[in-house]
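Please look over the sequence and the structure before reading on.

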Amino acid sequence: MRRLLLLRHAKTETDAPSGQDHDRRLDERGRSDAGEIGHWLARNPPFPNLVLVSSAVRAQQTWDHVWEAMKDRVPAPEVETLDELYGAEPTQLLKMIRMASSSDPKRLMLVGHNPGMHETALMLAGSGDKAGIKALEDNLPTSGLAVLDFDIDDWSDVAFRRGKLALFVSPKLLRQMSKD
């Protein structure tokens, strides 16, 4: 069994001071939302063994805030920055997921960007939480997290429609659940 966690970066400023999209930083809400997802992850094991993070500033900052919220409660994962995650499409993301077989983590997290992360989550989910799939069809919002399980022994066997959506969560959904 393998677990994949797809996390979209948190909310960002509209423009970076440099004018480069790659350099956009988290805004105040983004920092707060990333921390909220980190707290949620710390309370809901199992935790990722390997985290692959886009080289974009906003993805790096998202992981930093998620980890800050988790670090005192969970074992430290291996973390790698990948330029290829920036702007990656589903087939590129699938290739990166399959390449994780070399280090063979049981639980893999990707921190990246839409539209690729959203499309990949939908393309991987062949079954699972029907309400989660329906909610995910609309959007993978900033700080949105899709958790997929695969009944496989090796990441190289991951394929579209073979995953089971275990959970879809976002800061907005967490706030709605806490009100109920």
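What radius of gyration would a compact globule of 180 residues have, and what value does the protein have? The model shown here is a predicted one, and with 180 residues a compact globule would have a radius of gyration near 16 Å, so the 15 Å of the protein agrees with that expectation. Along its principal axes, the C-alpha trace spans about 45 × 40 × 35 Å.

**Overall organisation**

The protein contains six helices and seven strands, and, when read along the sequence, these elements follow the pattern β-α-β-α-β-α-β-α-β-α-β-β-α. Of the contacts between residues at least 6 apart in sequence, 77% join residues that are at least 24 apart.

**Strand β2**

Strand β2, which covers residues 50-54, is largely enclosed by the rest of the structure, because five of its five residues are buried. In a regular strand, side chains alternate between the two faces of the sheet. In β2, Leu 50, Leu 52 and Ser 54 point one way, whereas Val 51 and Val 53 point the other way, and all of them are buried.

**Strand pairing**

| Strands | Sense | Bridges |
|---|---|---|
| β2 and β3 (residues 78-82) | parallel | five |
| β5 (residues 125-128) and β7 (residues 163-169) | parallel | three |
| β6 (residues 145-150) and β7 | antiparallel | five |

Ser 54, which is one of the buried residues of β2, stands opposite Leu 82 in β3. Strand β7 pairs with β5 in the parallel sense and with β6 in the antiparallel sense. Which residue of β7 is the bridge partner of Gly 128? That partner is Leu 165, and Leu 165 in β7 also has Leu 148 standing opposite, so that both pairings can be traced from this residue in the displayed model.

Note on methods
Residues are numbered from 1 along each chain as its sequence is written. This is a predicted model: local features need pLDDT of at least 70, side-chain atom pairs count only at pLDDT 80 or more; totals for chains, interfaces and linings use all residues. Side-chain values use heavy atoms; hydrogens and water are left out. Helices (H or I, at least four residues) and strands (E, at least two) are DSSP runs, numbered from the N terminus. The radius of gyration is taken over C-alpha atoms; the globule rule is 2.2 Å times the number of residues to the power 0.38. Contact means heavy atoms within 4.5 Å. Buried means under 20% relative accessible area, exposed over 50%, partly exposed in between (1.4 Å probe, protein chains only). Two strands pair if DSSP finds at least two bridges between them.
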